[in-house]
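Good morning, and thank you for coming. Please look at the sequence and the model on the screen while I speak.

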Amino acid sequence: HEKIILMGAVIYKQLLTGLLLVSQFYIFPLQPVMVRDHKKVHPFFVSVTEFNHNQKDNNLEISCKLFADDFENTLKKQYKTNIDLTHPQDVKQVEKIILEYVQKHLRVKLNSRQVILHLIGFEKENEAIWCYLQVNNVPAVRKLEITNNLLYEKYDTQISIMHASVGGNRKSTRLVYPDSLAEFEW
């Protein structure tokens with residue numbers, strides 16, 4: 001069993017490395033990867049967050065892609081209320097909860113200054129929820145410092161892949177729980 005587990009870990013590491021390289025060009029659909037050890041099956045959880053500086057509009061556009069069921073379960077537990085991201089009864093209330101959660105778990109410093117994230121909206125796509133956020137009045141980006149611990153309180157196997165584009169120059173990194181800090185410079 002130990003050899004199988006070790007081989008699985010090596011293959012998993014190679015898979016993640018390959019996904020990181022592929023994800024620099026594409027945002028891949030989120031799918032859980034199942035690895036079996038000798039006792040039970042462990043799912044691995046992945047989110048993707050894109051940062052794009054829109055020079056024309058002087059905004060930093062942020063898109064977060066999370067598994068819908070994981071995000072719903074996290075919000076339900078954290079806010080002790082029933083949340084349906086697919087068919088919300090009160091969209092404004094759900095948006096308020098999403099923004100509050102994301103502002104706590106995705107903090108951004110832009111050019112060494114803490115910024116406020118504004119929720120533009122959210123939508124479901126297949127098994128994922130896209131959250132669209134924005135930072136207004138951003139004429140230039142030299143440095144992004146990001147604290148990303150989305151879904152960390154629910155899953156200690158969470159992996160966060162992040163891409164940042166400024167002036168056509170795209171950079172990527174990944175964070176594996178418990179790591180939550182990333183930095184990009186241009």
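I shall begin with the chain as a whole, and then turn to a helix pair, a sheet and several single residues.

This is a predicted model, in which local features need pLDDT of at least 70 and side-chain atom pairs count only at pLDDT 80 or more, whereas totals for chains, interfaces and linings use all residues. Residues are numbered from 1 along each chain as its sequence is written, and side-chain values use heavy atoms, with hydrogens and water left out.

Let us take the overall picture. The chain has three helices and 11 strands. Here helices (H or I, at least four residues) and strands (E, at least two) are DSSP runs, numbered from the N terminus. Read from the N terminus, the order of elements is α-β-β-β-α-α-β-β-β-β-β-β-β-β. Of the 186 residues, 42% count as buried; buried means under 20% relative accessible area, exposed means over 50%, and partly exposed lies in between, with a 1.4 Å probe and protein chains only. The accessible surface comes to about 10,600 Å², and carbon and sulfur atoms account for 52% of that surface. Such areas come from the Shrake-Rupley method with a 1.4 Å probe, and for residues only the protein chains shown count as cover. Among contacts between residues at least 6 apart in sequence, 59% join residues at least 24 apart; contact means heavy atoms within 4.5 Å.

Next, the helix pair. Two packed helices are described by the angle between their axes and the distance between the axes. At what angle do helix 2 and helix 3 pack? Helix 2, residues 68–79, and helix 3, residues 91–105, pack at about 90°, and their axes are 11 Å apart. The axes are lines fitted to C-alpha atoms, for helices over the stretch in contact, and angles run from 0 to 180 degrees between N-to-C directions. Helix 2 is therefore roughly perpendicular to helix 3. For the wording, angles under 35 degrees count as roughly parallel, over 145 as roughly antiparallel, 65 to 115 as roughly perpendicular, and the rest as oblique. On the side of helix 2, the contact is made by Phe 71, Thr 74, Leu 75, Gln 78 and Tyr 79. Helix 3 contributes Ile 97, Ile 98, Glu 100, Tyr 101, Lys 104 and His 105. These contact residues divide into six nonpolar, three polar and two charged. In this count Ala, Val, Leu, Ile, Met, Phe, Trp, Tyr, Cys and Pro are nonpolar, Asp, Glu, Lys and Arg are charged, and the others, Gly among them, are polar.

In the loop between these two helices we find Asn 82. Is this residue, Asn 82, buried or exposed? Asn 82 counts as exposed, because its relative accessibility is 66%.

Four strands form an open sheet in the order 5-4-8-11, with antiparallel pairing; two strands pair if DSSP finds at least two bridges between them. Strand 5 (113–114) and strand 11 (181–185) stand at the edges with a single partner strand each, so one side of each has no neighbour in the sheet. Helix 3 packs on this sheet, where it touches strand 4 and strand 8 (143–148), and its direction makes about 60° with that of strand 4.

Strand 4, residues 106–110, pairs with strand 5 over two bridges, and five bridges join strand 4 to strand 8. Lys 109 stands opposite Gln 114 in strand 5, and Arg 107 stands opposite Thr 147 in strand 8. In a regular strand the side chains alternate between the two faces of the sheet. In strand 4, Leu 106, Val 108 and Leu 110 form a covered face, and Arg 107 and Lys 109 an uncovered one. Strand 4 and strand 5 form a hairpin with two residues between them, and Asn 111 in the turn has a positive phi of about 55°. Ser 112, in the loop between these strands, has a phi near 70°, a positive value in a residue other than glycine.

Finally, some residues elsewhere. Leu 151, in the loop between strand 8 and strand 9 (158–166), also has a phi near 70°, and Leu 151 is buried at 2% relative accessible area. A cis peptide bond joins Tyr 177 and Pro 178, with omega about 10°.
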